[in-house]
Amino acid sequence: ANEGSKNPSSSDAVFVKTDSNNSTNDPASMSYQPPGSGNNAAPGGAPAAQAPQSRMQVAMQQQDNMIDELAVGMGRLKDQTQMIGDETNLHNRLLNDMETNLDSAHASLDAETRRAAQLREDQSVWRLQLTVAGLFVLFILLVLMGLS
């Protein structure tokens, strides 16, 4: 069979690096190479049938590496969101405790305010009672002086 007349199949299409200086698997440095384009021989003089297969394997490996990197990134995001959720729950508990403490302090302040008002009233009644007792003693003295 003549390999030059063979129609390339759609599985011969691969993604190849366009930037040979870029050692990362950055998708921006990859380009689509349709079937039948580019060099028909693999590096090192391999037959044309093996070149598309090895390029496809390289492209599949690069895609697998990118997927692995995405999985690692997603795992980190999951961990961070769990930590943020835990932190949020802690802050909610602290705020609830603070609200309870403020309610308790407000109730205590109200009770002390009422107690102070009652004490003030009690003191003014005491003064009034002292005034009445003093006037009563004066009245008794006046009556005794008037009888004598």
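Which residue forms a salt bridge with arginine 115? Glutamate 112 does, with the closest N and O atoms 3.5 Å apart. This is a predicted model, in which local features need pLDDT of at least 70, side-chain atom pairs count only at pLDDT 80 or more, and totals for chains, interfaces and linings use all residues. Residues are numbered from 1 along each chain as its sequence is written, and side-chain values use heavy atoms, with hydrogens and water left out.

**Overall fold**
- Helices (H or I, at least four residues) and strands (E, at least two) are DSSP runs, numbered from the N terminus.
- Of the 148 residues in the protein chain, 9% are buried.
- Buried means under 20% relative accessible area, exposed over 50%, and partly exposed in between (1.4 Å probe, protein chains only).

**The salt bridge**
- The structure holds one salt bridge, a term for a side-chain nitrogen of Lys or Arg within 4 Å of a carboxyl oxygen of Asp or Glu.
- Side chains of opposite charge can pair when their charged atoms come close.
- Glutamate 112 and arginine 115 are about one helical turn apart, because three residues separate their positions in helix 1 (residues 50–147).
- Glutamate 112 is partly exposed, at 45% relative accessible area, whereas arginine 115 is exposed, at 58%.

**A residue in the helix**
- Methionine 145 belongs to helix 1.
- Methionine 145 is exposed, with a relative accessible area of 60%.
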